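My plan was to look up how the chains meet and how the pieces inside them pair and pack.

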Amino acid sequence: MLSRVGETLYWMSRYIERAENVARLINVNNMLMMDLPKGVSTGWEPLVDIIGARESYQETHTDFSEPKALRYLLVGKDNFSSILNSIISARESARTIRDVIPRDIWEEINTLYYYVKDNQNEGLSKRGRFAYLKAIIDAAHQIFGALDATINHDLGYTFIRLGLMIERADMTSRILDIRSENLIISEEAKPFENIQWISLLRSLSAYQMYRQEMGVRVQRSDVIEFVMHSDVFPRSIMYCLGQMKALISPLPNSAEIITSIDKAIDELKAGDVRSLEKGYLHEYIDEIQIKLAGIHNDLAELYFLKPAE
Amino acid sequence: MGISFTVYNEGNMIDRAWPFDIIPRTIGKKEWQGVEIGLKQRTEALNLFIDDLYHDQKIIKDGVFPKGLLEKSVNFRKQCVGINPPNKIWAHICGSDLVRDGKGTMYVLEDNLRVPSGVSYMLENRSVMKRVFPELFEQVSILPVDDYPSQLFDMLAAMSPRPQDKPEVVVLTPGVFNSAYFEHCYLAQEMGCELVEGRDLVVEKDDCVYMRTITGLQRVDVIYRRIDDLFLDPEAFLPDSQLGVPGLMRAWSKGNVALVNAPGAGVADDKVVYAYVPEMIKYYLGEEAKLENVPTYKCMDPKECDHVIKNIDKLVVKPANESGGYGLLIGPKSTKKEQQATIAQIKADPRNWVAQPTLDLSTVPTLEEDGITPGGRHADLRPFILSSGKDTQVTTGGLTRVAMVKGSLVVNSSQGGGSKDTWIVDEEAK
């Protein structure tokens with residue numbers, strides 16, 4: 001497997017996962033805002049924070065009103081992580097390795113691109129939004145499902161899975177970070193605290209699985225524990241790290257990366273996340289994100305094509 | 001139909017659908033067998049000619065081919081002088097364009113020996129036809145085309161410098177922005193080999209070529225390159241080329257890697273050199289050309305040049321080294337102003353121009369919005385010839401390109417032409 005091809009597969013997969021995560025976030029936020037009383041909602045601001053785009057957003061926008069923030073998140077040309085830009089990047093990646101990926105997968109990515117681009121007005125409208133985002137989420141699932149079922153499970157597939165897992169762990173950590181930081185805990189909002197935690201779970205499609213696994217009322221400490229530490233929930237950070245370790249182990253020269261992943265896992269296990277209060281939780285997640293970035297850098301250094309000297 | 005070909009001046013869209021006409025073009029098997037023999041003869045002579053030019057230049061010494069022509073050739077690569085590619089083959093893949101005149105005679109219009117493209121469209125067109133009109137294939141005995149990728153792979157593998165079971169064959173593409181990228185992908189996929197870009201390859205101190213893989217460097221034996229000569233190796237040619245591989249020419253000249261087609265093969269695909277092919281066949285093979293050339297006036301000859309300038313409104317005038325129909329003047333369809341501009345260009349550099357009479361080109365029926373076109377459309381045919389030195393193979397038929405505008409003589413995909421499936425039909429089969 002060519003280094004360039006491995007790298008491109010990795011990014012293609014990351015971008016699709018990113019688009020799917022952002023689509024889910026918007027959908028869930030949309031639902032949450034309908035439930036919260038006027039004046040209590042945090043609006044769309046946290047979503048811009050989750051994708052780490054506050055500064056660049058504020059350069060061109062004066063406020064976080066729904067039409068502006070939504071356009072930015074869905075199709076913003078100036079937003080590198082907008083759904084449309086993520087899909088464009090995934091498609092460009094796929095295009096340069098069309099000889100490697102099954103033809104049907106290319107066609108699905110291409111179809112998704114045209115869907116996102118041509119139906120953006122649906123996504124911006126209140127009525128059309130749910131169906132538009134659902135279609136994007138479904139398409140992403142279909143692409144990953146088809147990849148799993150039709151591509152050789154060789155080195156290339158390893159990089160597809162690695163991209164998927166690292167992006168997922170990263171998004172989970174971001175969602176948990178911003179959502180828990182921004183949780184409105186005022187006397188007035190007390191009755192609504194619960195639905196905000198439920199909404200966090202929903203953003204990670206974790207609600208049903210949380211109920212099955214934790215079997216308790218939705219409460220802060222259990223939610224954090226579940227999305228960070230669960231061994232069985234496929235979007236928990238711990239699960240993603242475990243998968244990455246298993247994927248990397250057979251690769252040549254991977255000892256160093258395995259050490260980095262082990263460190264991240266140890267860090268994650270050591271924290272008694274249940275008791276971490278606001279602020280501390282944020283710092284703690286920051287550490288984990290730095291570790292994830294480190295794993296990516298190690299991968300790039302070891303396996304990807306170096307720019308010409 | 002899912003086929004794309006990039007045109008360089010269509011804004012930021014990098015793909016454009018390529019029109020496919022569903023009415024197949026048919027040629028009888030008997031006639032085709034004759035064409036096939038002619039094409040084999042032609043490529044054999046062309047390869048001998050190229051090899052001669054880079055060695056003793058006997059054909060020049062014997063006064064058959066003018067020295068002045070070679071000196072002015074833009075596709076002659078002095079870096080290739082004295083190099084011996086395996087089996088003395090330089091043009092492993094040749095795409096010759098054929099046309100038929102009003103009387104039915106097939107002529108060779110030009111030979112493409114650098115990186116001829118279009119074969120993937122030939123294969124795709126057939127697969128579309130089989131899906132859409134399966135019943136036609138039951139009634140008529142149409143010779144298959146789908147063996148091409150295997151033949152191509154076998155030819156490439158035969159060029160490997162390391163005799164072994166599975167030589168590492170790669171397709172080298174300039175990248176996703178190249179107009180024929182679809183084809184590069186397609187062929188790599190069909191042959192099951194890696195599609196590489198220049199940055200994926202490296203020439204190490206041992207003068208061998210390696211590709212950078214996840215598991216480290218891996219030796220490459222044969223490169224089917226789809227990059228023009230001048231971009232192949234910044235050490236030997238254009239120093240600022242980002243597409244090529246530094247040291248590639250070194251590795252090739254030492255025989256550590258095979259390049260297909262060989263650098264410098266383009267010296268014989270010049271439209272002036274073309275005029276000498278019948279003489280070459282006689283010189284090297286002692287035979288008469290079995291496939292005729294279209295009569296060609298060479299502007300380097302003052303008498304012929306005069307004739308061209310006087311009759312420019314009746315001739316097709318071509319620059320010697322352009323491909324894709326760029327820079328072409330079609331006399332009868334041009335304005336006085338365009339003619340004057342071309343005459344000025346001819347006078348400035350006569351070596352660079354040739355002219356041919358506008359043949360009474362045959363037409364083929366095509367299907368347009370109002371039904372089958374009355375009078376048809378002009379078409380040409382590009383078969384592909386594979387030479388390994390031991391074995392020569394010609395595609396059954398080839399790619400038929402058709403002008404999509406009434407009366408137009410230009411069929412190039414880069415100029416808005418379309419394509420057709422081409423059937424070699426066995427008339428005797430029951």
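Here are my entries, in the order in which I looked things up.

**Ground rules.** I noted that this is a predicted model, where local features need pLDDT of at least 70, side-chain atom pairs count only at pLDDT 80 or more, and totals for chains, interfaces and linings use all residues. Residues are numbered from 1 along each chain as its sequence is written, while chains are lettered from A and ligands numbered from 1 in the order in which they are written.

**Where the chains meet.** I looked up the contacts between the chains and found 14 residues of chain A in contact with 15 residues of chain B (C-beta atoms, placed from the backbone, within 7 Å). On the chain A side, helix 1 (3-35) and helix 5 (83-96) are the elements that give two or more residues; helices are DSSP runs of H or I with at least four residues, strands are runs of E with at least two, and both are numbered from the N terminus. Helix 1 of chain A gives the largest share, three residues. By class I noted seven nonpolar, three polar and four charged residues on this side (nonpolar: Ala, Val, Leu, Ile, Met, Phe, Trp, Tyr, Cys and Pro; charged: Asp, Glu, Lys and Arg; polar: the others, Gly among them).

**A helix pair in chain A.** At what angle do helix 13 and helix 14 of chain A pack? I read about 160° for helix 13 (237-248) and helix 14 (255-270), with their axes 10 Å apart; axes are lines fitted to C-alpha atoms over the stretch in contact, and angles run from 0 to 180 degrees between N-to-C directions. Helix 13 and helix 14 of chain A are therefore roughly antiparallel (an angle over 145 degrees). Among the residues that meet are A:L241 in helix 13 and A:I261 in helix 14. The residues of this contact divide into eleven nonpolar, no polar and one charged.

**The open sheet in chain B.** I found four strands in the order 5-4-9-10, with parallel pairing (strands pair if DSSP finds at least two bridges between them). Strand 5 (194-196) and strand 10 (258-260) of chain B are the edges. Strand 4 and strand 9 of chain B share four bridges, and B:V169 has B:V222 as its bridge partner.

**Strand 7 of chain B.** I saw that strand 7 pairs with strand 6 in the antiparallel sense over three bridges. Four bridges join strand 7 to strand 8 of chain B, also antiparallel, and a hairpin links strand 7 to strand 8 through two residues.

Terms used
Two residues are in contact if their C-beta atoms, placed from the backbone, lie within 7 Å. Angles under 35 degrees count as roughly parallel, over 145 as roughly antiparallel, 65 to 115 as roughly perpendicular and the rest as oblique.
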